[in-house]
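Dear colleague,

Here is the structure I said I would pass on. My notes follow below it.

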Amino acid sequence: MKKGAIIGIIIGVLVLVAIAGGVGYFVINDSMQKTKIMKTFAEIEELTKSGDFKMEELNEKTSNIVSSGKYAKVEKAAKNYASDLFGKAFEIRGLLQDEKLSQLLTASNYTADGPEFIESKKYLSETKQKLETGKTELLAYLEESKINSYIEAETTDSYCTELYKQLLTEDIEMSDAEKKQFETSIDKVVSMLEIEEEVLDFLIENKGKWQIQGEQVLFNSNSLVIKYNSFLTKLRML
């Protein structure tokens with residue numbers, strides 16, 4: 001606009017044309033940039049809404065910046081946030097879907113890793129810690145200060161901030177009840193792992209008093225059978 005005004009002064013009668021043309025261009029371009037962002041985030045929402053997608057598919061979309069100027073800052077901030085948020089969710093999902101998680105208290109694992117269960121104990125300890133950390137970090141991503149930090153790292157422009165919030169916060173807002181449900185779900189899995197750890201400690205403590213026969217673990221006293229079964233009852237009650 002400043003350049004247009006200067007040219008207009010110089011060429012006199014063309015000033016109105018220059019200014020009108022300049023204003024027209026920026027209004028149209030502004031609208032086009034916003035439309036590009038809205039379109040790309042509609043595609044991201046369509047991809048992620050079912051939860052049945054691969055992180056590589058999301059990364060392909062979030063790494064591609066389709067707008068320019070101040071809009072590119074908004075787009076970059078929002079896509080970086082979305083990528084980090086879903087990345088953390090995928091980490092947790094990977095832990096919960098690990099097949100080893102359901103194989104710890106099986107005859108095959110007792111045979112392979114018993115009677116000391118060094119690998120199983122290490123796995124349990126690491127998985128519990130990762131779940132606790134993942135839970136804390138994911139909940140932190142849902143806090144307003146964390147959400148805002150991504151746009152604040154790019155720009156302080158109020159319009160950009162509002163557009164950024166429009167793109168994100170309405171879609172990812174989580175009620176206190178939903179947050180509590182998520183926490184409870186993770187805590188339940190951690191409790192399950194703690195009981196499984198108790199089972200392994202029990203087997204370690206009583207090594208030489210049990211053996212594997214087929215798919216069953218057999219103890220040499222009824223009291224040990226009762227104690228072992230009590231652990232399994234606690235697991236079923238979770």
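Where does F117 lie? F117 is in the loop between α5 and α6. Helices here are DSSP runs of H or I with at least four residues, strands are runs of E with at least two, and both are numbered from the N terminus.

Before the rest, two notes on the source. The model is predicted, so local features need pLDDT of at least 70 and side-chain atom pairs count only at pLDDT 80 or more, while totals for chains, interfaces and linings use all residues. Residues are numbered from 1 along each chain as its sequence is written, and side-chain values use heavy atoms, with hydrogens and water left out.

F117 has a phi near 55°, a positive value in a residue other than glycine. Its relative accessibility is 0%, so F117 counts as buried (under 20% relative accessible area; exposed is over 50% and partly exposed in between, with a 1.4 Å probe and protein chains only). P115 is found in that loop too, between α5 (107-113) and α6. The peptide bond joining G114 and P115 is cis, with omega about 5°. For comparison, most residues other than glycine have a negative phi, and most peptide bonds are trans.

The chain as a whole

The protein chain has 10 helices and 2 strands. From the N terminus on, the order of elements is α-α-α-α-α-α-α-α-α-β-β-α. Of its 238 residues, 35% count as buried. The chain exposes about 14,400 Å², of which carbon and sulfur atoms supply 54% (Shrake-Rupley method, 1.4 Å probe; for residues, only the protein chains shown count as cover). Among contacts (heavy atoms within 4.5 Å) between residues at least 6 apart in sequence, 71% join residues at least 24 apart.

Helix pairs

The axes of α6 (residues 118-141) and α9 (residues 176-205) come within 10 Å and cross at roughly 165°. Axes are lines fitted to C-alpha atoms, for helices over the stretch in contact, and angles run from 0 to 180 degrees between N-to-C directions. α6 and α9 are therefore roughly antiparallel to each other (over 145 degrees; under 35 is roughly parallel, 65 to 115 roughly perpendicular and the rest oblique). The crossing of α6 past α9 is left-handed, that is, the near helix is turned anticlockwise from the far one by less than a right angle.

Helices α3 (residues 55-62) and α4 (residues 70-97) pack at about 170°, with their axes 10 Å apart. This pair is therefore also roughly antiparallel. On the α3 side, M55, L58, N59, K61 and T62 meet K79, A82, S83, F86, G87 and F90 of α4.

In helix α2 (residues 15-48) we find Q33. Q33 counts as buried because its relative accessibility is 5%. Leaving aside residues up to four places away in sequence, Q33 touches S67, S68 and Y71.

The hairpin

Strands β1 (residues 210-213) and β2 (residues 216-219) pair in the antiparallel sense over 4 bridges; pairing requires that DSSP finds at least two bridges between the strands. W210 stands opposite F219, and Q211 stands opposite L218. The hairpin has 2 residues between the strands, and G214 takes a positive phi near 65°. On β2, V217 and F219 form the covered face, while Q216 and L218 form the uncovered one.

Regards
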